[in-house]
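Please keep the picture open as you read, and look for each residue as it comes up.

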Amino acid sequence: MTTRQLIVQGGGGFLMEKSRALDHYFLRATGKSNPRVCFVGTASGDAESARYKFYEAMAGLDCRATHLSLVQPPTADLAAFVLEQDAIYVGGGNTRSLLALWREWGLDTALRAAYEQGTVLGGI
């Protein structure tokens with residue numbers, strides 16, 4: 001049976017704290033020594049400031065960081081891209097807009113498939 005994990009934060013992590021404790025916890029939850037972790041900033045309109053904070057925080061940790069932007073998608077096959085990740089961190093913001101965009105792009109279905117295969121999902 002595949003372990004499924006959702007790590008939902010009310011605040012903290014790289015977007016709000018100097019401490020890396022929550023970020024370490026999130027990455028360790030993958031069970032991998034150098035996990036692929038992806039930041040999804042749809043709720044904040046793919047704000048560059050959040051993406052920069054993500055990369056800055058992840059640079060000091062043992063992981064391979066990337067991001068998924070619907071403004072500039074990394075690939076036409078978003079489902080395959082999502083399924084390659086060990087952990088996906090969703091930033092906060094406008095949840096209603098996020099859900100509408102995810103449904104339009106099929107990202108909701110891709111994230112569900114990733115969750116079902118054991119990708120750690122979390123965020124604010």
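Cys-38 is a buried residue, with a relative accessible area of 1%. Because the cut-off for "buried" is under 20%, this residue falls within it. Keep in mind that this is a predicted model.

Searching the whole structure gives zero disulfides. Cys-63 also counts as buried, at 14% relative accessibility.

Gly-60 sits in the loop that links α2 and β3. Is Gly-60 buried or exposed? Gly-60 is exposed, since its relative accessible area is 68% and the cut-off for "exposed" is over 50%.

| Residue | Relative accessible area | State |
|---|---|---|
| Cys-38 | 1% | buried |
| Cys-63 | 14% | buried |
| Gly-60 | 68% | exposed |

Gly-60 can also be placed by distance: its C-alpha atom is separated by 25 Å from that of Ala-43, and the two residues are 17 apart along the chain.

Now for the sheet. It is open, has five strands in the order β1-β5-β4-β2-β3, and its pairing is parallel. At the edges are β1 (6-8) and β3 (64-68), each of which pairs on one side only. From one strand to the next, the twist averages 20°. As background, strands of a sheet pair through backbone hydrogen bonds, and they can do so in a parallel or an antiparallel way.

Four of its five residues are buried, so β2 is largely enclosed by the rest of the structure. To β3, which runs parallel to it, β2 is joined by five bridges. To β4 (residues 87-90), β2 (residues 36-40) is joined by four bridges, and these strands run parallel too.

Which residues stand opposite Phe-39? In β3 it is His-67, and in β4 the bridge partner of Phe-39 is Tyr-89. Val-37, for its part, stands opposite Ala-87 in β4.

How does the chain get from β2 to β3? It crosses through α2, and this β-α-β crossover is right-handed. Helix α2 (residues 48-59) lies across β2 and β3, and it runs at about 170° to β3.

Finally, turn to helix α5, residues 107-117. Its buried residues are Leu-107, Ala-110, Leu-111, Ala-114 and Tyr-115. After α5 comes Gly-118, which has a positive phi, near 105°.

Methods. Residues are numbered from 1 along each chain as its sequence is written. This is a predicted model: local features need pLDDT of at least 70, side-chain atom pairs count only at pLDDT 80 or more; totals for chains, interfaces and linings use all residues. Side-chain values use heavy atoms; hydrogens and water are left out. Two strands pair if DSSP finds at least two bridges between them. Helices (H or I, at least four residues) and strands (E, at least two) are DSSP runs, numbered from the N terminus. Axes are lines fitted to C-alpha atoms, for helices over the stretch in contact, and angles run from 0 to 180 degrees between N-to-C directions. Contact means heavy atoms within 4.5 Å. A disulfide is a pair of cysteine sulfur atoms within 2.5 Å. Buried means under 20% relative accessible area, exposed over 50%, partly exposed in between (1.4 Å probe, protein chains only). A crossover is right-handed if, with the strands pointing away from the viewer, the path from the first strand over the helix to the second runs clockwise.
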